[in-house]
Amino acid sequence: MSPRNKFLLGAGIIIASVIFLIASGVKETGVYFLTPSELVNKVEADPTFYDVGIKVGAKVVPGSIRRDDAARRVDFAVSDGSRQFDVTYVGIVPDTFTDANDIEVIVEGKYGRDGIFRATEVLAKCGSRYEAEYEKSKKA
Amino acid sequence: MTLLGQFALWLGLMTAVWGAVVGFGGRWKDRPDLARTTIGSSYALAVAMIVASLALWKGLVGHDFNIEYVWAYTSRNLPGAYVFTAFWAGQKGSLLFWCLVLSVFGALAQAVTSRRHEELMPYVAAVVNTVAAFFLVTMIFGGANPFERMAVTPPDGNGLNPQLQNPGMVIHPPMLYLGYISITIPFAFAMAALMSGKLDTGWLHAIRKWTLLSWLFLSIGITLGMWWAYVELGWGGYWAWDPVENASFLPWLTMTAFLHSVMIQEKRGMLKRWNMSLVIVTFLLSIFGTFITRSGVIASVHSFAQSNVGYFFLAFLVAAGSAAFILLYLRWPRLEPEAKLESMASREAAFLFNNLILVGIAFSVLWGTLFPILSEAVRGVKITVGPPFFNRVNVPLGLLLLLLTGIGPLIAWRKASTANLRRQFIVPVVTGAFVALLLAVIGVRDVYALMTWGLAAFVLGTVAQEFYRGIRARHRMFAESAPIALLRLIGRNRRRYGGYLVHLGVLVYFVAFAGSIFKVTKEVTLVPGEKVEIKSPFGHTWSFTFLGISQYEALNRQVSSASLEVRKDGKAGGVLTSEKRQHVNSFGEPTFQPSTEVGIRSGLREDIYVVYAGSVGGTERSNFAITINPLVWWVWAGGVILVIGGLTTMWPGGRATVPVAAGSSAQAGFEARLIGTEA
């Protein structure tokens, strides 16, 4: 085999492995990213969506946060305007997760048959952390 | 002052457009006088941008809160250094900063480039001006003008986000920007070579320092970003595969690939098309990085703003990409390779694989970053991938790359003989195997960790062997002592030994990354006097006794500080404090959300990382997250070594290595090269 073909063979193997790694990686680690309505509709249509890893991006319902500091547990409700459900999380929430008005969160975890979302991770979305903060105060 | 700033912006835009038009048109109409004006416009643009920037700085330092930007990012009680760096804290200012740096780089490129490349320069100026014009249009017409005034003048400003009030944040963004922006210069030269048809290696020589410079800035920027995330964000890690992080990593990867493949073009006249494509892709990725950061199309913990500016970037990305690739297509036949690959056991082949893997990593990172958008467009449902995806794909590829880091620099050009392979690799291979075996014997069971550390030892073996041989040769020939020989060795062959130092830095990074596999985190609730113990991966028992909370006021914040007494295996190890801070404005009113200051005790083996997560119901009973982070210190050490190596390769002066006829001398390894340069 000529060096050129040997190289092409090697390159083909590398490219194939990259594609394989990407495809299998997406398949095995990919997580649905849904709004509360999408999630509620999905589980209603297809119960296999209960208790599988899912991410939800939503707004925290103002005033719904209940903190049990001693147990490091936080319960709150999230909503996208039309559907709403409760989230429970044990762990330390980030500083950006405050009782202030309408914070956005991304919660990762499983939605149970009891209608409660058990989060393994809570990100208070700072999609707007650096600038929208002031956009908000400007409007106020 | 804003009037002057506004004026300078408009003048800059007109200069940039003029320079671009006559730069591209001058050659076409065969008017050398116009081509000369283009170069003049490059300098004029830099002056306009300096004036505009000074005007903004004047507003910031003078607390002119009537300027919206000044009001939004500073306040009277903000420490002076942060007032100065608030210049690039927000989107509008950072766009101006971008124009400033780009125009200064453009002018510098005109000033320092050798007369040999005269024919390229009008095109270089035209390309730089076009990019600058785009940024100025975005600022002026995209609602991102930093000089906008407000109807009323507030008494005090909004203040700077506390998480940005960190020394790392003072230099991290400008370093990344400098990296992103300086990529424009090599891109401009590449386009100039394509347009002028001067496609010999001339343009490659002209951009060597620029590519190294932007690579260096990107490396520093990324490492500082990791450091900032580690000390400021409080989740105990330094890299989260966040879209914005990925966006900075992408051009670094393709730039690294280019720095290697360009050597093949210089030496062997191969890979011309590939190199051209890499420069174009790197430039596009640098714009893409800004687009991701600024558009908010992908939910990220650090996307900074959602604004229309994103559409400007997207449009520019498409336009610049199409123009560049059409140009490349038109010159395609003239970029024939001058040589063929002769053997798989050759430096060319090692570099080709290195390039493929780097581009493969870049592709997978891009794919993962864009996957939520792609899946939504194709399948109508948003699917995200996170760290597990990126680690799964990139750990094997990274290990392969680490292996090539050892092989590439030592294997002969063209075709390596068995003697060459034996001479160069026996010691490193034995070292690597020995270290992996030793670690397995002392109880390391993680396969990836063993592979990483074994391969790192292999690469260390290759680097050490090169230095040893070089020093020995100098010692024999000039009877120099070892330290003198080492310094002269590096000084006389800066490119080569600087490169080895960079590789040393890379392997130190890998060693440190593998350490994160063994990280331990414990979340606890403690009352004052209570103790918690954590066993570290190195077998130490760390104990933490909660001493209590103290509250006080500082310059622009109220602080609650929690102290823990640390003991390592029973021996006193000092006190660690972690703080909750509530920033206030000069009237004592709270601004921003509370933020956490992490308590870190750094060590060569492991860092202790304490986050005070607040008190329980107003009592002193408090929550903590305590993390033992093995080998994190080495991430920063790797960064420092990498930077020293990078600076070495590009340090001006030094003797240019005489290119010895490839093949004959390369086989003989170091001695031949040394004689070649010294003679």
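Predicted model: local features only at pLDDT ≥ 70, side-chain atom pairs only at ≥ 80, totals over all residues.
**Helix packing, a buried glutamate and an open sheet**

Helices H9(B) and H10(B) lie roughly antiparallel to each other, because their axes cross at roughly 150 degrees and an angle over 145 degrees counts as roughly antiparallel. H9 of chain B spans residues 202-233 and H10 of chain B spans residues 243-268, and their axes come within 10 Å. The crossing of H9(B) past H10(B) is left-handed.

On the H9(B) side, the residues that meet H10(B) include B:Leu204, B:Thr211, B:Trp215, B:Leu218 and B:Ile222, along with the glycines B:Gly221 and B:Gly225. The residues of H10(B) that they meet include B:Phe249, B:Pro251, B:Trp252, B:Met255, B:Phe258, B:Leu259 and B:Val262, with B:Glu245 and B:Glu266 also among them.

B:Glu68 belongs to helix H3, which covers residues 68-73 of chain B. Is B:Glu68 buried or exposed? B:Glu68 is buried, because 20 other C-beta atoms lie within 10 Å and 20 or more is the criterion for burial. Leaving aside residues up to four places away in sequence, B:Glu68 touches B:Glu148, B:Arg149 and B:Met150. For B:Met150, the separation along the chain is 82 residues, while the C-alpha atoms of B:Glu68 and B:Met150 are 5.9 Å apart.

Chain B also contains an open sheet of four strands, arranged in the order E2-E10-E9-E8 with antiparallel pairing. Its edge strands are E2 (520-526) and E8 (599-601), each of which pairs on one side only. From one strand to the next, the twist averages 15 degrees. Strands of a sheet pair through backbone hydrogen bonds, in either a parallel or an antiparallel sense.

Turning to chain A, its secondary structure consists of three helices and seven strands. Read from the N terminus, the elements follow the order α-β-α-β-β-β-β-β-β-α. Of the 140 residues in chain A, 30% are buried. Among chain A contacts with a separation of 6 or more, 43% involve residues 24 or more positions apart.

Methods:
Residues numbered from 1 in each chain as written. Chains lettered and ligands numbered in written order. Pairing = 2+ DSSP bridges. Helix = DSSP H or I, 4+ residues; strand = E, 2+ residues; numbered from the N terminus. Axes fitted to C-alpha atoms, helices over the stretch in contact; angles between N-to-C directions. Buried ≥ 20, exposed ≤ 12 C-beta atoms within 10 Å, placed from the backbone. Contact = placed C-beta atoms within 7 Å. Parallel < 35°, antiparallel > 145°, perpendicular 65-115°, else oblique. Left-handed = near helix turned anticlockwise from the far one by under 90°.
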